[in-house]
Amino acid sequence: MNPVIAVSNLGKRYGRTIAVDEVSLEVFEGEIFGLIGPNGAGKTTTMECVEGNRVPDKGTISVLGLDPRRDANALRQRIGVQHQEAHLQKRIKVWEAVDLWRSLYTRVVDTDALLARLGLEAKRDAWFMTLSGGQKQRLFIALALIHEPEVVFLDELTTGLDPQARRAIWALVTGIRDRGTTVFLTTHLMEEAERLCDRVAIIEHGRIIELGTPDELVQKHCPERTVVFTSDDANVAERLQGLGGVEHTEGNGLTYTIRGSGDDFVTDVINIIAREGIRVRGFRTEIPTLEDVFLKLTGHGIRD
Amino acid sequence: MRPPFLRGFWKLTWVETKIFAREPMGFVATLIMPLVVFIFLGRVFGIGKSVTAPQVDLPFNPAILAAVLIAISAVQSLVAIISIYREGGILKRLRSTPLSPVTIMGAQVAVKLVFTVISLALLMIAGKRLFPGVLQVNVFSFTVAVLLSTFSILSLGFVIASVVPTARFAQPVSAAVLYPMLALSGLFYPVDRFPRALKTVAYLLPPTHAVALLKGVWDGSGWGAHWMNVAALFVLFAAYTAVSTRVFRWE
C-alpha cells in the first residue's frame, strides 16, 4: 500500500533549539494517525512542515505525491487543516466564515448539510466570539472539511474542552475516517489517542521514540496485567498458590490483587477461581494504557 | 480562470467590512474622531484660509488636518487589526487556505479605503452644513487625493505592524510613530525651513507629500503642480511595502 504521507529524516531548529530531529513516518490511506507527546515535543512543528505551512531545514516530505512547499497551491485544494488554539475574527458569523471558505475551493460540499453534520445549524448567524469552545472547534472542523479533502490535519483538537464536548468531537473524527478521509492528528491526551488512533507515533524532544498501533505498543512495553477481586472465603491466598505473585489487603471484605503478564494471565486467574469454587463479590482487571507506555518509555508522565 | 489574487478578494473584503462595522470602538475612532476635530477647530478658528479667521490666526487648515487624521486613524486601525489577527492565529489560519498573502492584506487595505471615503463624506457634509460658503474645494479631486494619501501611509502601517510585539502595544506604538510624522508633515510649519537632516526625514515620510498634495488641491494649484508629491506617494508606497514583505511576521 502506498502511503498518503511520507516523511523522512525531517529536521527543524529554531535558533539553537532543535524542534524536530530525524523524524520519519508514513501515514496510510483511510487511517487515523496520531502524533503524541508532551507540549513542546515537536508535534506541531512536524505537522506544519507536512502541511506546507512551515519550511523544514532538512528531510523530504511527500503528501498525496506532492511536495508541500513546491506544490503548495495544488495541495491546499486537497488537504484540510485545523490549527492549535486558532481563532477567527471575533465578529464573523458562522455562515460568513463557511461562505468565505467555500469561495476559495474548486469543489465544495453543501453548507447546510455540513453544518447539520457538525451540529451547528442553530449557530448559523452567531458571531464567532459567542461560540463555546466545542462549537468553535466544530466550526474549524467544518472549515477543514468544506472542500472534501483527502487528508485532514487536526492539531490538538480537544485541548481545553470539557469531557462532554471532547467526546462529541471524537465521534466526529471517527466519522471523518469512516467516510474514507485520512486523518493526521496530534494530541497530548493519551486517552484521546487510544480512542481515536489506528496508529500512533510517540514523539519526545523532537524524535520519534516508538511507532505502532496502540495495542501493539501496550503489548510490547507494558504486558503486565492486574486482577483485583474481593471475596469473603477463607484461605483464598493459599488456594491461588498456583499463580504466584499474590498480594492481599484487608478491606470491607478481603481484597486480593494479583499481578502477572501475558495474554493468558486473566484467563488463568478466572480458571483457578472457578476450579477452587471461590465466591467472588467483585472482580476487575487493570490493563495498561498508552499513558503507561509513555511513562515507561520516557520515565515521566505526559503532563510533567 | 481568475487571477490568483482575486480568489476570495471581494468576499474577504466584504466580510471584513461587515466585521469592522460591527466593531464599536474602531468605528467611532475611524469615523467620528476626525469629524470632531474638524468641527471643533472649525468652530473655534474658522475654516479654509487662516487669514480670514475672525479672532485667532490659526496657521493651518483644519480641513487638511482632519483629512490627514482620517488617513492616520485608518493606519492605526490597520495596525491594531493585523496585530490582533496575528496574536489570535487568524492570519495563520487565513494563510493556510488558498488565499494569497497579497489578497489577505489587500482586503484590509480595501476596507480602510472604503471607510476613508465614508469618513471624508461625513466631513464634507458637516463642512457644507456648518460652514456654508467656505468649502470651495473640488470634492472629487480632494477625495482622490485623500485616498491616495491614505493608500501610501497604509504601507507604513504594515511596517509598524511588523514590529509591534503584541496587540496590546498596537495603539501606543502606532501613535508614537505616526503623530510625530504629522508634526514633520509641513502642515504646521513649512518643511523648507526645517534643518537639512530633518527635511530629508520629512521627505521620506508619506504624510509630508500627502499634506503638500492636499494643500495644492485645496487652494486650487491642482495635481499638475504637485506631480512630484503624487509620484513620491507611489514610490514611498512601493518602498515601504517592499520593506514590510521582508520583515512581516504572520504569527
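Tutor: Let us begin with a sheet. Chain A holds an open sheet of 6 strands with mixed pairing, in the order E5-E6-E7-E3-E8-E9. Its edge strands are strand E5 (79-82) and strand E9 (207-212) of chain A, each pairing on one side only. On average, neighbouring strands of this sheet are turned by 15° against each other, direction ignored.

Tutor: Some conventions apply throughout. This is a predicted model, in which local features need pLDDT of at least 70 and side-chain atom pairs count only at pLDDT 80 or more, while totals for chains, interfaces and linings use all residues. Residues are numbered from 1 along each chain as its sequence is written, and chains are lettered from A and ligands numbered from 1 in the order in which they are written.

Student: In which sense do strand E3 and strand E8 of chain A pair?

Tutor: Strands of a sheet pair through backbone hydrogen bonds, either parallel or antiparallel. Pairing requires that DSSP finds at least two bridges between two strands; strands (E, at least two residues) and helices (H or I, at least four) are DSSP runs, numbered from the N terminus. Strand E3 (residues 32-36) and strand E8 (residues 199-204) of chain A pair in the parallel sense over 4 bridges. Within E8(A), A:Ala201 stands opposite A:Leu35.

Student: Which strands does helix H6 of chain A lie across?

Tutor: Helix H6 (residues 163-178) of chain A lies across E3, strand E6 (151-155) and strand E7 (182-187), running at about 150° to E7(A). Axes are lines fitted to C-alpha atoms, for helices over the stretch in contact, and angles run from 0 to 180 degrees between N-to-C directions. Contact means C-beta atoms, placed from the backbone, within 7 Å.

Student: How many residues of H3(B) are buried?

Tutor: A residue is buried if 20 or more other C-beta atoms lie within 10 Å of its own, exposed if 12 or fewer, and partly exposed in between. By that criterion, 24 of the 26 residues of H3(B) are buried. This helix covers residues 62-87 of chain B and reaches 37 Å from its first C-alpha to its last, close to the 38 Å expected at 1.5 Å a residue. Just after H3(B), B:Gly89 takes a positive phi of about 75°.

Student: How many residues does each chain give to the contact?

Tutor: Chain B gives 17 residues and chain A gives 20 residues. On the side of chain B, the largest share, 4 residues, comes from H1(B).

Technical notes:
Contact = placed C-beta atoms within 7 Å. Expected span 1.5 Å × (residues − 1).
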